[in-house]
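Here is a friendly briefing on a few local features that may be of interest before you set up any calculations. Please have the viewer open as you read.

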Amino acid sequence: MNILLVEDEPGLRNGLADLLEAQGHTVIAVGDGLSACSRGLTDNIHLVVLDLTLPDVDGIEVCRRLRNGRPELLIMMLTARAREDDKVAGLGIGADDYVTKPFGARELLARIDALGRRMRGDLAGPERVEVDGCFLDLGRCTATRGENPIQLTAREARILRLLYVNKARALTRGELLEQAWGASAKLQTRTVDMTIANLRQKIESDVAAPRIITTVKGVGYAWGASS
């Protein structure tokens with residue numbers, strides 16, 4: 001996997017680069033936010049390991065710019081900020097995982113491997129689904145209703161795939177947090193609900209009466225279409 005490592009402390013940056021390269025990854029290491037935005041948007045990067053505290057553009061803004069420019073990019077925040085509010089903020093703007101310092105090398109590598117499996121699409125299920133007049137191309141992170149192309153984020157495509165694969169039952173918000181965000185199911189956040197609301201705006205013919213993603217009261221969300 002091609003990894004962009006963004007860490008302003010030289011010793012830690014070099015140590016992490018050596019660790020990741022020893023596991024067979026290709027690493028580009030930078031120490032500031034502007035370089036991170038430039039390299040992340042132009043190079044063939046699969047994953048960004050991103051420190052939040054940077055000398056120019058902070059990690060939150062870097063994450064926002066990268067997510068807007070490359071929706072499919074995997075982003076792991078690496079930071080000493082351990083408060084739940086910070087985690088919620090990071091996940092809310094598009095981070096795929098959040099690791100707090102200090103951390104163990106084995107934990108970091110395991111989380112990177114998990115993100116790599118997500119990138120490779122280890123989750124079974126169809127690449128293309130046509131439902132309620134909407135054509136979903138989950139492999140390409142796009143949807144089409146009529147003649148209007150719609151860009152999906154990688155996470156939105158994964159949520160749709162999760163709901164489809166598990167269409168015999170509803171998924172709880174905690175399950176979606178774990179499987180689509182890589183976050184703890186115990187995390188108290190409205191991120192799942194906000195993401196589903198935005199996704200419905202993109203793909204449903206009638207947001208007030210959704211037919212693709214339905215709400216199961218007291219549980220979470222389910223694939224609501226017959227296909």
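Buried means under 20% relative accessible area, exposed means over 50%, and partly exposed lies in between, with a 1.4 Å probe and protein chains only. By that rule Asp 51 is buried, because its relative accessible area is 4%.

This is a predicted model, where local features need pLDDT of at least 70, side-chain atom pairs count only at pLDDT 80 or more, and totals for chains, interfaces and linings use all residues. Residues are numbered from 1 along each chain as its sequence is written, and side-chain values use heavy atoms, with hydrogens and water left out.

Helices (H or I, at least four residues) and strands (E, at least two) are DSSP runs, numbered from the N terminus.

- Lys 101 sits in the loop between strand 5 and helix 5 while Asp 51 belongs to strand 3 (residues 47–51), so the pair ties together parts that are 50 residues apart in sequence.
- Lys 101 is partly exposed, because its relative accessible area is 24%.
- Glu 7 is found in the loop between strand 1 (2–6) and helix 1 (10–22), and with a relative accessible area of 2% it is buried.
- The side chains of Glu 7 and Lys 101 make a polar contact at 3.0 Å. Such a contact is a pair of N or O atoms within 3.5 Å; within protein, one must be able to donate a hydrogen and the other to accept it, and residues adjacent in sequence count only if both atoms are side-chain atoms.
- Leaving aside residues up to four places away in sequence, Glu 7 touches Leu 12, Arg 13, Val 30, Gly 31, Asp 51 and Lys 101, where contact means heavy atoms within 4.5 Å.

**Two further salt bridges**

- Asp 96 and Arg 155 are joined by a salt bridge whose closest N and O atoms are 3.2 Å apart. This pair links distant parts of the chain, 59 residues apart: Asp 96 is in the loop between helix 4 (84–92) and strand 5, and Arg 155 is in helix 6 (residues 154–165).
- Asp 96 is buried at a relative accessible area of 6%, and Arg 155 also counts as buried, at 10%.
- Glu 175 pairs with Arg 169 in a salt bridge, with the closest N and O atoms 3.0 Å apart. Salt bridges that share partners, for their part, join Glu 7, Asp 51 and Lys 101 into one network.
- Glu 175 is buried, with a relative accessible area of 19%, whereas Arg 169 is partly exposed at 40% relative accessibility.

**Backbone geometry to look at**

- The peptide bond from Lys 101 to Pro 102 is cis, and its omega is near -5°. Pro 102 lies in the loop between strand 5 (97–100) and helix 5 (105–119).
- Asp 132 is a residue other than glycine with a positive phi, near 50°. Its place is the loop between strand 6 (128–131) and strand 7 (134–137), and Asp 132 counts as partly exposed because its relative accessibility is 22%.
- Cys 141, also a residue other than glycine, has a positive phi near 60°. The loop between strand 7 and strand 8 (142–145) holds Cys 141, which counts as buried at 11% relative accessibility.

Methods: A salt bridge is a side-chain nitrogen of Lys or Arg within 4 Å of a carboxyl oxygen of Asp or Glu.
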